[in-house]
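This report describes selected helices, charged pairs and aromatic contacts. The structure is shown first.

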Amino acid sequence: MKKQDLPQDESNLKSANMTEVLYVTDENDNYTTANSIGWDAKKAALEESMELINERIEEARQNVANNIVSPIIYFMELNKMDLQVLAAYVDKWQWTVKRHAKPNIFKKLSDSTLKKYADAFGISVDELKNFDGK
């Protein structure tokens, strides 16, 4: 793609004051880099991805409110983590994190364990303990 043809369609990148670096060709057909704030196809893909993420977050919130899962699942989704990533942050096995995701187990966790989760989510232990999904 020629540098002058690089799309500059507004996208989520612009609203976050970010650009994407892409390889393009200059007027002498030499490869160089240029910044783009996005293009329509990428904007549509990003918006769809964000909708799916927001649906997962909302589902997790409702599951916490209905006492199906512990707040760990909500904050994991909110922070765009999966079990593997969260387990690495809290230095636990994935099966242990899954176990801690059960409301009855979560209520019995020590403050030191909750602190690891809270630190991974960037919140306080009180916020984690008292989140009820409502």
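## Charged pair in helix H7

Asp119 and Lys115 are four residues apart in helix H7 (residues 111–121) and are therefore separated by about one helical turn. The two form a salt bridge, with the closest N and O atoms 2.9 Å apart; a salt bridge is defined as a side-chain nitrogen of Lys or Arg within 4 Å of a carboxyl oxygen of Asp or Glu. Helices (H or I, at least four residues) are DSSP runs, numbered from the N terminus.

Asp119 counts as partly exposed at 48% relative accessibility, and Lys115 is partly exposed as well, with a relative accessible area of 43%. Here buried means under 20% relative accessible area, exposed over 50%, and partly exposed in between (1.4 Å probe, protein chains only).

## Basis of the model

The model is predicted: local features need pLDDT of at least 70 and side-chain atom pairs count only at pLDDT 80 or more, while totals for chains, interfaces and linings use all residues. Residues are numbered from 1 along each chain as its sequence is written, and side-chain values use heavy atoms, with hydrogens and water left out.

## Other salt bridges

The count comes to four salt bridges. Arg56 forms one of them with Glu77, and the closest N and O atoms are 2.8 Å apart. This pair links distant parts of the chain, since Arg56 lies in helix H2 and Glu77 in helix H3, 21 residues apart. Glu77 counts as buried, at 11% relative accessibility.

Glu58 forms a salt bridge with Arg61, in which the closest N and O atoms are 2.5 Å apart. Because Glu58 and Arg61 are three residues apart in helix H2, about one helical turn separates them. An α-helix has 3.6 residues a turn, so residues three or four places apart point the same way. Glu58 is partly exposed, with a relative accessible area of 31%, and Arg61 is also partly exposed, with 25%.

## Helix H2 and its packing

Helix H2 (residues 40–65) has 26 residues. From its first C-alpha to its last, helix H2 reaches 37 Å, close to the 38 Å expected at 1.5 Å a residue; the expected span is 1.5 Å times one less than the number of residues.

The buried residues of H2 are Ile57, Ala60 and Val64. These buried residues pack against H3, where contact means heavy atoms within 4.5 Å. Just after H2, Asn67 takes a positive phi of about 60 degrees.

## Aromatic pairs

The structure holds five aromatic pairs. Rings of Phe, Tyr and Trp (its six-membered ring) pair if their centres lie within 6.5 Å; planes under 30 degrees apart count as stacked, over 60 as edge-to-face and the rest as tilted. The rings of Phe75 and Phe131 have centres 5.2 Å apart and planes at 65 degrees, so this pair is edge-to-face. Phe75 lies in helix H3 (residues 71–78) and Phe131 in the segment after helix H8 (125–130), so the pair ties together parts that are 56 residues apart in sequence.

Phe75 counts as buried at 7% relative accessibility. Ring pairs link Phe75 and Phe131 with Tyr74, Tyr117 and Phe121 into a cluster.

## Trp95 in helix H5

Trp95 lies in helix H5 (residues 94–100) and is exposed, with a relative accessible area of 58%. Twelve residues separate Trp95 and Leu83 along the chain, and their C-alpha atoms are separated by 8.7 Å.

Definitions and conventions. Helices (H or I, at least four residues) and strands (E, at least two) are DSSP runs, numbered from the N terminus.
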